[in-house]
Amino acid sequence: MRVLVIEDNQDLAKLFCDLLEVMGCVTSVAFNARTALELARATMPDLIFCDLRLPGEKSGFDVASSLRADAAFEHIPLIAVTGFDDAIEHQRARDAGFDRVFEKPVKFAQIQEVLNTYRKS
């Protein structure tokens with residue numbers, strides 16, 4: 001399973017990718033929205049984990065909205081990752097096109113459940 005991790009904290013991104021790779025995934029990582037969108041279009045991942053708060057002009061909300069506006073990405077699960085456990089933030093994420101919202105730190109069981117749900121048979 002090809003997974004794109006979009007996270008501006010490079011240490012956290014590496015840890016997340018390492019965990020996904022141990023779980024049998026092939027990962028790529030982007031640290032900002034612009035690079036994330038380019039990488040998503042170049043690699044067509046099976047699953048995307050995206051931080052909501054990214055540096056620069058575009059946020060994780062913008063990444064989701066851009067991807068959902070492209071028919072090629074309508075089937076790819078988008079999982080929001082946020083440090084804010086807030087109902088308004090979660091609703092904004094769902095409105096932007098995310099399928100699920102996880103608070104940081106994301107738990108191993110949450111990642112495993114997502115992989116089991118979306119892994120291709």
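This is a short talk on the fold of one protein chain and a few of its side chains.

Okay, thanks everyone. Before anything else, keep in mind that we're looking at a predicted model.

Let's start with the overall layout. How many helices and strands does the chain have? Five helices and five strands. If you walk along the sequence, they come in the order β-α-β-α-β-α-β-α-β-α. If you like to think in boxes, the C-alpha atoms fill one of roughly 30 × 30 × 25 Å along the principal axes.

Of the 121 residues, 45% are buried. The chain's accessible surface is about 6,300 Å², and carbon and sulfur atoms account for 53% of that. As for who touches whom, take the contacts between residues at least 6 apart in sequence: 60% of those join residues at least 24 apart.

Okay, on to the aromatic rings. Searching the whole structure turns up one aromatic pair. Which residues make the pair, and how are their rings arranged? They're Phe-16 and Phe-49, with ring centres 4.9 Å apart. The planes meet at 65°, and the cut-off for edge-to-face is over 60 degrees, so that's what we call this pair. Phe-16 sits in helix 1, residues 10-22, while Phe-49 sits in strand 3, residues 47-51, so the pair ties together parts that are 33 residues apart in sequence. And both Phe-16 and Phe-49 are buried.

Arg-53 lies over the face of Phe-84, 5.0 Å from the ring centre. Over at Phe-61, the residue lying over the ring face is Arg-92, at 3.8 Å from the centre.

Last stop, a histidine. Have a look at His-90, which you'll find in helix 4, residues 87-96. Is His-90 buried or exposed? Its relative accessible area is 12%, and anything under 20% counts as buried, so His-90 is buried. What does it touch, if we skip residues up to four places away in sequence? The list for His-90 is Thr-82, Phe-84, Asp-85, Val-101 and Glu-103.

Methods:
Residues are numbered from 1 along each chain as its sequence is written. This is a predicted model: local features need pLDDT of at least 70, side-chain atom pairs count only at pLDDT 80 or more; totals for chains, interfaces and linings use all residues. Side-chain values use heavy atoms; hydrogens and water are left out. Rings of Phe, Tyr and Trp (its six-membered ring) pair if their centres lie within 6.5 Å; planes under 30 degrees apart count as stacked, over 60 as edge-to-face and the rest as tilted. Helices (H or I, at least four residues) and strands (E, at least two) are DSSP runs, numbered from the N terminus. Buried means under 20% relative accessible area, exposed over 50%, partly exposed in between (1.4 Å probe, protein chains only). A charge sits over a ring if NZ of Lys or CZ of Arg is within 6 Å of the ring centre and within 35 degrees of the ring normal. Contact means heavy atoms within 4.5 Å. Accessible areas come from the Shrake-Rupley method with a 1.4 Å probe; for residues, only the protein chains shown count as cover.
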